[in-house]
Amino acid sequence: MLNRIGGHKREFSLTDITIQRPFKAEHVPPTLLFIISLAIPLAFVIIIGGLVYKSRWDVHNAVLGLFMGFTVTGVVTQVVKMGVGRPRPDAIARCQPYEGAHDAAVYGLSNYTICTQENAHILNDGFKSFPSGHSSCEH
């Protein structure tokens, strides 16, 4: 649900080269993220707790702890992303500014109102660069 909320969209400059990269699909697919961050640790918890210690109670608590940590990390990451609103490196390509768009004269910055992107998810996700969802195991 948090991924559908737009959040804050920080002002940016159309001449900022750090956000002018081309828009591409995810570099690390969500399936691989899931396997690395949840499936492998879950397998270790079940194998070690079930086969080595042979304690269902410990396996139960470890699985609950793993899912709780995964969930809390994801929620905190999304809330911070929505509050910070830092543009991704491909923010301008996601935005698709209208023809002839330029930065405002007063502060030299533009905002999301110059964007012509019709897909709200692509546009909103373009302003969720910090903190990294991949490094916090959240997508």
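Q: Which hand does the link of Cys-95 and Cys-115 have?
A: The link of Cys-95 and Cys-115 is left-handed, with -105 degrees about the S-S bond, and their sulfur atoms lie 2.0 Å apart, where a disulfide is a pair of cysteine sulfur atoms within 2.5 Å. This is a predicted model, in which local features need pLDDT of at least 70 and side-chain atom pairs count only at pLDDT 80 or more, while totals for chains, interfaces and linings use all residues. Residues are numbered from 1 along each chain as its sequence is written, and side-chain values use heavy atoms, leaving out hydrogens and water.

Q: Is Cys-95 buried or exposed?
A: Cys-95 is buried, with a relative accessible area of 0%; buried means under 20%, exposed over 50% and partly exposed in between, using a 1.4 Å probe and protein chains only.

Q: New topic: how many salt bridges are there?
A: A search of the whole structure finds three, a salt bridge being a side-chain nitrogen of Lys or Arg within 4 Å of a carboxyl oxygen of Asp or Glu. Arg-88, Asp-90, Arg-94 and Asp-125 are linked in a network of them.

Q: Where do Asp-125 and Arg-94 sit?
A: Asp-125 lies in helix 4 and Arg-94 in helix 3, and both are buried.

Terms used
Helices (H or I, at least four residues) and strands (E, at least two) are DSSP runs, numbered from the N terminus.
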